[in-house]
Amino acid sequence: MAMVRILMSLATIAILFGSTMAANHTVGAPKGRWDQSTDLTTWAASETFLVGDSLIFVYTPNHDVLEVRKADYDSCQTTNAISTNGGGMTIISLSSTGKRYFICGTGGHCASGMKLEVNTLATAPVVPPPSSPPVKSPVSAPSPKIAPKISPVLALSPKNAPKISPVSAPSPKSLAPSPKNAPKSSPAASSPEIPSLPPSSSDFVPTSSPSSSPSVPSSADKISVIASSTVGFGLVTMMLFFM
């Protein structure tokens with residue numbers, strides 16, 4: 001008994017779940033219905049029919065609903081209908097995938113546009129979102145930090161300019177000899193010179209032949225010459241005094 005209750009509960013849940021997932025499509029709604037004035041082709045194109053959905057035909061007593069094959073749908077032939085339904089309301093369950101065709105059996109109504117083609121799908125088609133064009137980022141100008149610094153070729157900064165030192169003239173101090181570097185004069189050069197008389201021919205004794213160059217007199221010769229010159233100068237002075 002408990003098992004039966006469980007099975008019944010599962011069946012009820014399945015029915016409820018199926019009814020919540022299925023959709024009911026009222027033909028021609030909301031602006032029309034199953035009649036000659038409604039554009040049924042445009043309405044069907046705006047709907048999506050899935051397995052488990054239901055078609056609801058609402059119509060007046062002068063209309064009916066015939067399910068036919070594709071050839072009879074195109075030719076509006078009513079004699080070979082798969083099913084015929086009337087009474088003002090007909091519910092058709094879409095239990096399988098594929099196309100199904102419905103027409104009105106009243107003479108001339110099918111030819112005036114009272115016909116419906118339904119394409120039943122297993123699942124709803126996935127509609128991809130509209131692709132947006134890629135956003136082009138604006139080309140940004142290089143920032144001053146990134147931009148290369150271009151220095152003029154001819155201009156030289158004071159730091160990089162070559163240093164040219166002027167040619168300095170020698171100072172007077174550098175030209176004048178310092179006391180340390182001055183040549184040392186001998187005592188003989190610094191002492192006053194004693195005037196000497198020209199030697200007489202008798203006092204001159206040649207020491208060498210005429211062809212040879214005169215030799216430098218020694219210090220003894222210098223003394224004798226000076227003495228003789230002094231004596232001669234004194235004699236001359238005395239002679240001039242007594243005259």
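Is C104 buried or exposed? Select C104 in this predicted model, and you will find a residue that counts as buried, at 1% relative accessibility. Keep its sulfur in view and look for the closest cysteine sulfur, which belongs to C110 and lies 8.3 Å away, too far for a bond, because a disulfide requires the two sulfur atoms to be within 2.5 Å.

Next, select C110 together with C76, where a disulfide joins the two residues with a distance of 2.2 Å from S to S. By the rule applied here, the count for the model comes to one disulfide. If you look along the S-S bond, the link of C76 and C110 is left-handed, with an angle of -70° about that bond. The pair connects distant parts of the chain, 34 residues apart: C76 sits in the loop between helix 3 (70–75) and strand 5 (83–85), while C110 sits in the loop between strand 7 (98–103) and strand 8 (115–121). With a surface shown, C76 counts as partly exposed at 22% relative accessibility, whereas C110 is buried, with a relative accessible area of 5%.

Now select strand 4 (residues 65–68) and strand 7, which run antiparallel and are joined by three bridges. As a last stop, pick E67 and look across to strand 7, where F102 stands opposite.

Note on methods. Residues are numbered from 1 along each chain as its sequence is written. This is a predicted model: local features need pLDDT of at least 70, side-chain atom pairs count only at pLDDT 80 or more; totals for chains, interfaces and linings use all residues. Side-chain values use heavy atoms; hydrogens and water are left out. Helices (H or I, at least four residues) and strands (E, at least two) are DSSP runs, numbered from the N terminus. Buried means under 20% relative accessible area, exposed over 50%, partly exposed in between (1.4 Å probe, protein chains only). Two strands pair if DSSP finds at least two bridges between them.
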